[in-house]
Structures are given as structure tokens and as C-alpha cells.
Amino acid sequence: MHEFSVALEIVDMLQENGYLSGVRKVNSIKLNIGKYSGIDENYLDFAFKNLNDERFKDVLLEFIHSGSDEIKIIEILAD
Amino acid sequence: MPEYKYNNSNRGIRGTAKESAITGCKLSSGRVLSVQRNALESNEIIAKKNRAKFGRALVINFLSSPGSGKTSLLESIAPVLKADGFKIAVIEGDVETDLDKKRIDALGVPAYQIITNGTCHLDAKMVNGSLDSLNIKDTDVIFIENVGNLVCPTSFNLGEDMKAVVLSVTEGDDKPLKYPAAFYKSKIMIINKIDLLPALDSDISKIKENALSINKDITIFETSCKKTAEAGISGLAAFIKNEIKRKTEDFRKINYNTYF
């Protein structure tokens, strides 16, 4: 269940790089998830909804699949 | 304006949002912010710091299911490398207990135990913390024994030079197909406990075929750590010695500033 760690890493990265500045709610996150990334999409979705961070409570994850091992955030939709 | 669907069909989640190709463009349903970054960027930054701290030491991150024989392999390899004058250090990762560290201590090899308290993998930050306590000065090779788990540890770069996946013959020949990420990301695969093959239906050629179907470049070793039937350890040790030599040469060639 390392998806919790991955979700926390994503939030940290977005926070540290200013993407969450002034954001009240993140509506969706578009991610590129590689076939060999070791990520279970359902667990990642579950992790975001249980982060104890109200901004991500209702976030919808959109996955794009690739044949690599990358986990890349493409874009977020935020209020 | 066109719409695109946010779809997580496995959980029955559906939603829509206004599409915008313009970064930061304000829409009625929110702002679309283009990110285009590695989701594990924070971990990658610390992994680079680890790599700088490792210096010229070769670092191998061992991945496997619990019970495949990672610690036994270290117990078999370490004396061979030590006998040839190589300095070794070990970072142990376990959910609970320092039992594995005690086994490494008994070999006279410096070791540090990371107890994750339930976390299913090591990350770069945990390893970075261990380097404050573990003396790796003049070390030739650092073995990181990750938490026994073939899924979670694969996502986290620790700053290692290579991942090595260990698979015991008791686990079945379909393991590479069931857990492809570990085999895709590893430079070597060690098929361990081959002394048990006569008692099993495992097909070692099938294990290799399946692993190579995931990663055609993976180098494969067959080993047994059993004292009375030790096999393949000298070959694995020879590979590690070559990699230590290669890393040392590469490190000398690269400008110091590249690492720092």
C-alpha cells in the first residue's frame, strides 16, 4: 500500500512548487502511470480520498497509461 | 467548449471538467494548471543527495518477496568480498525487528537497521537518515536490503546504482509475470535456493524466460546459500567485483562537481 506514500509525495511536490497556492479544492489530477510503475490506480485513488487533506477529498484521478515505469503529473484542475 | 471525462471505471467514478489547453486558464469549473513533473520528485531529489553521499561505493538495492533469502545471500557474499579486501556496508530495511542486522553484525560488517514501523518499502529519506549513523567512508560496496515486498519498493529510487531482484525457486516460475515492475527495473535477477529444485516442480528455464520477457537485458544468476550445497556465489561475487571496479573508474572520470 505504498500508494499512500506516493499520494503524500504528490501533495508535497505540488505544495512545494506553488501549485496549491490559494487553492481551496483540487477537482482532478491527470497522471501518466507507466505499466511498470508499481502503482495500483484504485489504491492511489483511495489514498487521495483518505489523506486527511480536505483539498483532495473529492479529487478525481484521470490516468493515462504508458509502457514505461514513470509516474508523472500532467495537470491538475483546481478551484 | 469540448469536455473530457475523468474516468476511474473500476471504482465507478465519473466526472467532467471543461477542457483547456492553456496553462493556468481560468474556467468556470476551476483552473487547469499544467504540471508535467515526476510525481516522486521529492524522493528523487533526496536520492540524488544519497548518491552524492555514497561517493565511489557501488550500491545495490535488493528487492524480493519475504523469505527469498536476501539476508542469506549477503551472509554468503560478504565473506567472499571481504577475503578479497573489499569494504562492505549494509543497510537493512524491515517492518519490525533488527534480526537481520544482527546476522550482518556477526560477519563483522557495518550495518544499520531501518525499522519502517509498518511501511512496506524504503524511500530515499529513510536511507539518507541511515547515512548519518553508518560509516561508509572508503566503502567499496553498500548493500541495501529492502523490505520484503515485490511491489512497493520498486517505485522508490534510493540513489542506488542498480536494483537486484531475488527470487527463490519455491515461489513459482510465474513470479516475473505477476510482479513485472521489480523485474523490469532490476539489472540482475538472482534465482536462489536452487538446492531445492529436485524437490519442486519449478521450471528454472521458465523463470528465466518469463523474466527475460519483461526485461531482455536482465543478468541472471542461480545461487544456493546452503552450506552443504553452496552454488553460484563466486559468480555473483565476481560480477559485484567487476561492478565495483567499473563504478570506481566512472567516479574518477566524472568531475567531482557533477556529483555535488
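Student: How many salt bridges are there between chain A and chain B?

Tutor: Start with the general idea. Side chains of opposite charge can pair when their charged atoms come close. Now the case here, in a predicted model. Between chain A and chain B the count is 0 salt bridges. Over all chains, the count comes to 21.

Student: Which residue forms a salt bridge with A:D45?

Tutor: That partner is A:K49. Their closest N and O atoms are 3.0 Å apart. Both residues lie in helix α2 of chain A. They sit 4 residues apart, about one turn of the helix.

Student: How much area do chain A and chain B bury between them?

Tutor: The size of an interface is often given as the accessible area lost when the parts come together. Here chain A and chain B bury about 3,400 Å². Carbon and sulfur atoms carry 55% of it. Three residues, A:E9, A:Y36 and A:L77, supply 19% of the area that chain A buries against chain B, more than any other three. In contacts, 40 residues of chain A meet 38 residues of chain B.

Student: Which strand of chain B pairs with β3(A)?

Tutor: Strand β4 of chain B, residues 30–38, does. The two run in the antiparallel sense over 6 bridges. Find A:I73 in the structure: B:R37 in β4(B) stands opposite.

Student: Where in chain B is the pLDDT below 50?

Tutor: Where pLDDT is low, the predicted coordinates should not be read in detail. Chain B has a mean pLDDT of 88, and 87% of its residues reach 70 or more. Over residues 1–28, though, the pLDDT is below 50. For the complex, the predictor gives an ipTM of 0.93 and a pTM of 0.87.

How values were computed: Residues are numbered from 1 along each chain as its sequence is written. Chains are lettered from A and ligands numbered from 1 in the order in which they are written. This is a predicted model: local features need pLDDT of at least 70, side-chain atom pairs count only at pLDDT 80 or more; totals for chains, interfaces and linings use all residues. Side-chain values use heavy atoms; hydrogens and water are left out. Contact means heavy atoms within 4.5 Å. Buried area is the accessible area (1.4 Å probe) that two parts lose on being put together, summed over both. A salt bridge is a side-chain nitrogen of Lys or Arg within 4 Å of a carboxyl oxygen of Asp or Glu. Two strands pair if DSSP finds at least two bridges between them. pLDDT is the predictor's confidence in each residue, from 0 to 100.
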